[in-house]
Amino acid sequence: MRVGDRELALPPLAKARSLLAYLIVHRKAETPREHLMDLFWPDLDGDRARDNLKTNLWSIRRSFRSLGLDADDFFSAGRATIRWNAPVSCDGEHFAELAAAAGESTDRDALAIYRGDFLDGDYHPWAIAERERLAELYETVLRRRMRDAAGIEDARRLLARNPYDEEAYVVVADFELSAGRHAAALATIERCRAALAEIGGEPSAAFEARFADVAATSPPREFRTPFVGRQFELRCLESALAALRNGNGSTVLIAGTAGIGKSSLLAAFRATPDAAEARVVTVQCIQDDPRPFGPWPTILTTLLGADAEGSMHGGTRGIATALGAALDGKALLVDDAQWLSDEAFGVFAALCRLRSPRNATIVATRPEGLDRLRAALEQVQLTTLSLEPLALDDVTAMLRRATRANQTELAAQLYARTDGHPLFITGIVEALVRDGALRYGGGAWRYVADRGNDIPLPASLHATIKAQLLRRGADAAAIASVLALEPEADFSMLLAAFGKNESRYMDALDDLFATGILLQDPSGPHFAFAHDVLREVAATLPSPARRRAIHSTFAQLLAGSDLPGAHLRRARHLAAAGNAAAAVEAYAAAALETMPWRAWRDAIACVEEANRLALRLESVPSVNAALRLLRRVEVTAYLSTGQPAKSLRAGDDMVRLARAAGDPTGIVQALWARSQAYDYAKEHERGLRDVIEAEAIAREHGDRPRQALMLNGVADTYLALGRLTEGSKAAKRAAAVWRSIERPDGELLATIIGVAALMVAHDVAAARTAFAEGDAAAAQLSWISTVQWRATHAEFAYFSERYDEAATMAQAAIDELQARADEPWDRHLCVMEPGQQRFHAAYFLATVRIAQERYDEALALLSGLRTQEYHLPSAAMSEQVSVLEIDALLRRALPGDDLRAAALAETLGPDTPTFNYQLWVDTKIVARARAAARRHDASAAALVRRALDFTEERARNMPGSSDRVFEQLAVAAGDAGGPALQKRARRLFEDYRNRRRAAFVR
């Protein structure tokens, strides 16, 4: 920012810089202080946000004072509003005006102005929106100039920003062909295909037809694996080279395990047209390099010739200084930097610190050299590229390009065998070629081996690895085979299974480490094979009888272990040893172990494996008990992965097994589990029957804790059915039973359910009485009970339109659940587990933010709910998030919000017109109708009428906050062109609003 001919020193505070830009961009109107506080400090209370605003305004004023200027001449800050007053010339606005003019000269002038993205690095929503708007205009101008004049530079600039623009690739490829650079054109065509494949697309038929002859040469008879799968990394290296041409240096660090493709990436980069034309200096480091200062003297001599000799006597700093000068304007590629000796690394570290601003350094290392390099480069702006194994699509593309044929099946088998590791892909493919399994004929390579479920390890490769394992002697081979059968074995377990003395054991381990067959985890005593192919061959070394004995030994060693995953490991060893009955029990324990972690798919895998084994067993009590435990896990796991039909089948089988065993406690548990499956499937009546029967059985057998728990379930199910009076009575009965057995946590849980019924029924007097009783109890109870009680208070505040209070309580619940994430809790005394409670607290907070008309905050919260941090508990909850997002978007009503809402509505599943007593949650029926009405769809009026009918029916029994839904349906009816519908919705809104306010709002 310039004032006259002087540069203004921008405020040191990032928020102050963003605030200054906001005031300038929005200078045509006064901005309320409250708006700025909500925009820049949305998470702070009023006083703290106000103090922050004052601090940042002071920082802006100080910047003007540093030039001897009076800030009041530029902007005025009143008690209520702030406004920018000084005349301003803004590059962004000028650029937008020129871009809109759409002329040859104006486009040229517009590109000259655009020197970078608007406020790059500022992630406030207003800055992001403006940045995206201007960036879209910039791409439009580039595309316009590229089309009008086939501008090659404009096309390349466009691809640098948008690597998926097919039209730009066409321009670049045509230019390369016209210049006679066939290889460069082919590389451009391949980049286009790879880029589009990244987003699940492919070039158009016109593109393929246009360049069909470019690569129409026959493949060589020598099989070669092409470079694939590193397009993003390659573009990063090309960007470093492009920056170097503009006088900007950079440092890129490439990290990855041995054989992962670091050297191949550097080779592919050197082969690009831009790198071929640039001055690139390559350094290949070698292990145990005997040369003083490693490769650097040789590189310096190559660059400077005889002039380099004087620098050799200057030691580390002298060599580095000379290298820095010699490398000015060049790209330095350093491969296998982990092998740099201490003196050679000292030169490299000094070179990085002295790095010229016109030098690009690209360094590749294995993980063991990563920490040392990062420490040396900590003061350098660094881009790190971590190479991972190739994806299945990359392996498929590699085979397609190498064989000129579609090798989808071979690619899948090869990927499964190697996990995408490039070195072993190449080795196995070469072995297939040598063995004749991959054969050239008829102008293409063909895989002619038998097609099984997995690609066979070639006999020659298997024999080579087996010989390598046996070469170190019988003890080393025995250790390898034992570890292959239990990869998680630690030092003591491996010694016990080996069965020989410790001296022989240590010698065998040393041999395996010396040959590189085994690696040791530096953080602990565990060992691992250098690659899974080695483990696979080692597992075949023992005879079948010896393998069963090893598995039995490991099963005994793991019995009673409290290590994570021990039950699953033991189950697998028992199954491999032929002990199916014990394996079923161990799989049941393993499945149960996953439940607190909500690893439902792992639980399902355990269940399915146990079921397969159980088919071979007789129906005996121990096996049936294990199967009942498995069914219990299945019910929850299938519910949590959105498979209610499978959950119900598991529930049915659990009840059948429990009745057959005649165990009252087991029957109660089974009925309770099945009732939860019925509730998820919206079959509440059937769930109610189960939980009522379970309560009666528990009462008959004097099991008071389970009776109270079942009464909680009865009350909750009545509420779900809209039978509030019965639900309230059941909650009171539950509270009485909990009280009789002196379980205050359970009593509070029953009170929570009862209060929910009273709130939804607008029985405020009774609710307040219950709150008074619950407050006294909650102060003495566990943290999880207290959090649940606070959440109930927050809901009451929301119904009472005390939104600030509701938001504060909801945020406090989120914070406490986060802080106590690892603390124990009693799952029987929770409405839901802590992770789900945190999800619902954040969801409820988003609901409150919508009521406060703070839509951006609500949408940010809902977006956060979809992250890995929250682990959406079920598909139904994912749809709840979408429904609330639709509500926020339609209320906010910014440009494009109606399109986003319509797109979300398309993702919703079939309507499920069931009651939900948590009435701040809209339904799919309402969301779909509102989105259609906003878009003026032909079906909108019918959808609004259906939503209105459903909401009116629901509100009769459960009025709750249904007035808010009627209010939005009135808006939707207006959008849909239904005056009669709008009048009806408006009448219902006013009626229920008056009823709720009369009950709740004082």
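Helix H14 (residues 296–304) lies across strands E7 and E8. H14 runs at about 155 degrees to E7. Angles run from 0 to 180 degrees between N-to-C directions, with axes fitted to C-alpha atoms, for helices over the stretch in contact. Helices (H or I, at least four residues) and strands (E, at least two) are DSSP runs, numbered from the N terminus. This is a predicted model, in which local features need pLDDT of at least 70, side-chain atom pairs count only at pLDDT 80 or more, and totals for chains, interfaces and linings use all residues. Residues are numbered from 1 along each chain as its sequence is written, and side-chain values use heavy atoms, with hydrogens and water left out.

Now the sheet itself. Five strands form an open sheet with parallel pairing, in the order E7-E8-E9-E6-E10. Strands E7 (280–284) and E10 (382–386) stand at the edges with a single partner strand each, so one side of each has no neighbour in the sheet. Neighbouring strands are turned against each other by 15 degrees on average, direction ignored. Two strands pair if DSSP finds at least two bridges between them. E8 (residues 331–335) and E9 (residues 360–365) are joined by four bridges. Within this pair, Ala331 stands opposite Ala360 in E9.

Next, the core. A nonpolar core is a set of buried Ala, Val, Leu, Ile, Met, Phe, Trp, Tyr and Cys residues joined through side-chain atoms within 4.5 Å. Buried means under 20% relative accessible area, exposed over 50%, partly exposed in between (1.4 Å probe, protein chains only). The largest core has 60 residues, and Phe64 and Phe75 touch the most other members. Helix H6 (residues 125–149) gives the most to this core, with eight residues. Beyond four places in sequence, Phe64 touches residues including Met1, Val3, Phe75 and Trp84. Contact here means heavy atoms within 4.5 Å.

In H23 (residues 491–498), the buried residues are Met493, Leu494, Leu495, Ala497 and Phe498. Gly499 follows H23, with a positive phi near 80 degrees. Ala846 lies in helix H40 (residues 834–851). Ala846 counts as buried because its relative accessibility is 0%. Leaving aside neighbours within four places in sequence, Ala846 is in contact with Ala858, Leu861, Leu862 and Leu884. The C-alpha atoms of Ala846 and Glu857 are separated by 7.3 Å, at 11 residues apart along the chain.

Last, the cysteines. Cys285 counts as buried at 3% relative accessibility. Cys352 is buried too, at 5%. A search of the whole structure finds zero disulfides (cysteine sulfur pairs within 2.5 Å).
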